Amino acid sequence: MKWFLLFVLALGLGLATADSETGYNYYRLPTALRPQKYHLRILTNLENPEELKFAGSVKIIIKALENTKNITLHSKNLTIDESQITLRQLSGEKKDNCVSSTSVNTIHDFYILNTCQELLAGNDYELSIPFAAELNRKLEGYYRSSYKDPVDNVTRWLSVTQFEPASARLAFPCFDEPDFKAPFVVTLGYHKKYTGLSNMPVKETKPHESLADYIWCEFQESVPMSTYLVAYSVNDFSHKPSTLPNGALFRTWARPNAIDQCDFASEFGPKVLQYYEEFFGIKFPLPKIDQIALPDFSAGAMENWGLVTYREIALLFSAAHSSLADKQRVASVVAHELAHQWFGNLVTMKWWTDLWLNEGFATYVASLGVENIHPEWRSMQQESLSNLLTIFRRDSLESSHPISRPIEMVSEISESFDQISYQKGSTVLRMMHMFLGEESFRSGLQSYLQKYSYKNAEQDNLWESLTEAAHKYRALPKSYDIKSIMDSWTLQTGYPVINVTRDYSARTAKLNQQRYLLNTQIARADRNGCWWVPLSYTTQGEQDFNNTAPKAWMECGKSGETLPKTIQDLPGADQWVIFNTQLSTLYKVNYDAKNWKLLIETLTNGDFERIHVINRAQLIDDALYLAWTGEQDYEIAMRLIEYLQREREYLPWKSAFENLKRVGRIVRQTPDFEFFKRYMKKLISPIYEHLNGINDTFTAIQQQDQVLLKTMVVNWACQYQVSDCVPLAQNYYRQWQAEPNPDEKNPVPINVRSTVYCTAIKHGNDADWEFLWTRYKRSNVAAEKRTILTALGCSREVWLLQRYLELTFDPKDAIRKQDSMWAFQAVAFNEVGFLLAKKYFMDNVDFIYKFYHPITKDMSRLLSPLSEQVITLSEFDEFKDFVNKSRQSFKGLEQAVQQTLEIMLTNVQWKERNYHQMSRSIQQLL
């Protein structure tokens, strides 16, 4: 393989003894050997900023399960002095073996050690390998981070790990697959002015044998765990301890000048940990747990066992600077990571195919945890709806993928950390919880966790445990099993739309299902798939929205074909029916015209609040989607959402705004935008006035979700210049500018800051922009920094936006790499900035790819604002050609690119098919 040989030559034959590419080319490690224990020693140098590096050795105790002449493990970008590698037999007659030669496989990161004598099945061996590398800047493996000490304006360095999914191999040679669990003994060497942290508590520290002022810190042996969960850090952080009655030691760490922002997480964390101990019926198995906020971090957070790492925005909360939405995000992320301590850490998926077992579960169980501790937030409803809205969008694309999907390359693993694994995974688990009921669900989970503790499992193992529980508690008929039902949701892409056609005289309804797709060019006959659907429904007379248990099922035939269903005993022609109570299952519903009319009548003139708030959100979302794809006409959809002038709850408005935002981004590029603007003003004015506009009434609001409603409505009101929204926002901003010390005192109400900043920048001048940019550079709070980054993109000055795009990707500037996408998105979602951002992206795609590499996921997030606003065939063709010509710069982003192109295509279709119809419907309502 020429590329590899050139690479070796370029390194000056740095891998002197690496023979050649190996013959073994399967993507999984051979199974002849199992690691029994790792002894890991690492010396980290943070003293000299010019030479931030680490060196160490790993001693792996290995059991041979079959005879073999080589040891194949993972290693990547490590300098290994092969003359120092040792191998000896531990069992039977203890004797030395050795490594005769090595080779590498760069595709799968294999490091192959050919042994002098054959390793024999049943024996244990000790392999010792030295290694060294630079602490990299790539935010993966063992990497560097830094922050500015405000007192002496000096840069402080720290080191930390991020190994999931496959980056432990960048830090030390290891069997880097989730199924190779083993205990770890970690020893860190560092200058004594720092703190060392790892998964386990400290066992002992002693002075370094030769380096003055350096120490070795040895940690207790860990429980058996996968390599991706190993973690360590050397830093000079402060911490805040929490008390856990007779439980693990709990500490929250941050840089010293942010420790005052740890109060909320250090109080919430232990509570949710205790909730999980009760919910799962298993104590947290480690003696301590640390959570640490890192200035540079690529993911949102990482569940390393006993040492959970976070972006600052995901762990730190400042009452003076962070909104309620920021606080809820911290709670949600902390709950997610701590749920992983059971789902993921204690029981781990066998291979990345079932990543969703980790992520879907942690997402769903986290929402149970947050709901339990902060019921006043009503976050369970919010998160469930938010997940459903996300998946209704993402999974209506032909280019989506199943929850559980085969994985053969490391790059494919990273692409799986997406909305399907998290939000769809969580949504189908919620569905299962609702059709099984509390007892069966919890009992099935507990037996699964007990059975596979410290082991690895596949989704079928979970289905077995839940089927047993379901039959035991009679939650499912004996002829049903969880596997048949759930495989239809996890092994096939998409979700169904169920068409409900009522026969009003016979009082029945005929139901049939087919896959719902946004792309209307796909023929009905090609919309295959069959889902096992639990059917819950209620009627106008009954209005029982609390019962989410299925009254019937839509089943699939033996070979996966759809079977129609008839529902009996429905009410007469004067009453509506609503299917899918509380949106307990992931499907859309299209009714016959009469049923829609009955629903619209109740919403616009009747007692609409008796329809459950989630079902009101569902009706809005279904009507607008079905109108988008032409299964319904816009007249029905627009008449339905007219009722919003009466609506005072958060969820239906969220559902409406999500849909109207997409339409607005298309229509604002057309002559008929004036009608859309007038329509939006008419729709928003009543709720804006009801909530007392942008005035600071937040302290008087009793219900927490009304705070979120007001925050959202004010944002839309200023965008569409409703009432006094814009002048009042500008007024708040001027008050702030007039403060003698604006970094210390900010009179703008916290929950409307994002709207006030954006509005002031949009309607303001260069000085307004510079004022906010200065605040960004001086801010110490991650949530505030993100709010400002987004607002800076609201300008309408082309030169400012162009300069901002360049600042965004300037490694020397104030914006950290992990935050750059927020700035880019802000410019690209701005109607003036869209064309600038698209051109900047297309002109600089190679540079941008290198900027993010290897964390290409962040680059994929730059595509969404582009995909939402391309609306003509010529723009679509131009972007398609660009992608084809730039393939090298989209490696590892294949899925994101496909989805981007498909969304662009559906926008083009919408504009051709619906634009005039929608515009007419709106003009009739004005």
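Reader: Which helices do the buried residues of α14 pack against?

Author: The buried residues of α14 pack against α12 (593-605), α13, α15 (650-667), α16 (673-690) and α29 (894-925). This is a predicted model, where local features need pLDDT of at least 70, side-chain atom pairs count only at pLDDT 80 or more, and totals for chains, interfaces and linings use all residues. Residues are numbered from 1 along each chain as its sequence is written, and side-chain values use heavy atoms, with hydrogens and water left out.

Reader: Which residues of α14 are buried?

Author: Buried means under 20% relative accessible area, exposed over 50%, and partly exposed in between (1.4 Å probe, protein chains only). In α14, the buried residues are Y634, I636, A637, M638, L640 and I641. Helix α14 covers residues 634-641, and six of its eight residues are buried, so the rest of the structure largely encloses it.

Reader: Now single residues. Is T467 buried or exposed?

Author: T467 counts as buried, at 13% relative accessibility. Its place is in helix α10 (residues 459-472).

Reader: What does T467 contact?

Author: Contact means heavy atoms within 4.5 Å. Leave aside neighbours within four places in sequence, and T467 is in contact with D481, I482 and K483.

Reader: Where is P224 found?

Author: P224 sits in the loop between β15 (214-219) and β16 (232-235). With a relative accessible area of 30%, P224 is partly exposed. Not counting residues up to four places away in sequence, P224 touches K181, A182, P183, W305 and Y454. Look at F343 too: its C-alpha atom is 15 Å from that of P224, and the two residues are 119 apart along the chain.

Reader: How are two packed helices described?

Author: By the angle between their axes and the distance between the axes. Axes are lines fitted to C-alpha atoms, for helices over the stretch in contact; angles run from 0 to 180 degrees between N-to-C directions. Take helix α20 (residues 766-778) and helix α22 (residues 798-808): their axes come within 11 Å and cross at roughly 20 degrees. That makes α20 roughly parallel to α22. Angles under 35 degrees count as roughly parallel, over 145 as roughly antiparallel, 65 to 115 as roughly perpendicular, and the rest as oblique.

Reader: Is the crossing of α20 and α22 left-handed or right-handed?

Author: α20 passes α22 in a right-handed crossing. A crossing is right-handed if the near helix is turned clockwise from the far one by less than a right angle, left-handed if anticlockwise.

Reader: Which residues make the contact of α20 and α22?

Author: From α20 come D766, W769, E770 and W773; from α22 come W799, L800, R803, Y804 and L807. These residues divide into six nonpolar, no polar and three charged. Ala, Val, Leu, Ile, Met, Phe, Trp, Tyr, Cys and Pro count as nonpolar, Asp, Glu, Lys and Arg as charged, and the others, Gly among them, as polar.

Reader: At what angle do α2 and α9 pack?

Author: Helix α2 (residues 263-280) and helix α9 (residues 438-452) pack at about 95 degrees, with their axes 9 Å apart. That makes α2 roughly perpendicular to α9. E278, F279 and F280 of α2 meet E438, F441, R442, L445, Q446 and L449 of α9. This contact has five nonpolar residues, one polar and three charged.

Reader: Now sheets. How do strands of a sheet pair?

Author: Through backbone hydrogen bonds, either parallel or antiparallel. Two strands pair if DSSP finds at least two bridges between them.

Reader: How many bridges join β2 and β3?

Author: Twelve bridges, in the antiparallel sense, between β2 (residues 33-45) and β3 (residues 53-64). L40 has V58 of β3 as its bridge partner, and H39 stands opposite K59 in β3. Eleven bridges join β3 to β9 (residues 124-134), again antiparallel. There, A55 has A132 of β9 as its bridge partner.

Reader: What is the order of the four-strand sheet?

Author: This open sheet runs β29-β25-β24-β31, with mixed pairing. β29 (565-567) and β31 (588-591) are its edge strands. The twist averages 25 degrees from one strand to the next. β24 (residues 496-503) and β31 pair in the parallel sense over four bridges, and N499 stands opposite N590 in β31. Helix α13 (residues 613-628) packs on the sheet, touching β24 and β31, and its direction makes about 75 degrees with that of β31.

Technical notes
Helices (H or I, at least four residues) and strands (E, at least two) are DSSP runs, numbered from the N terminus.
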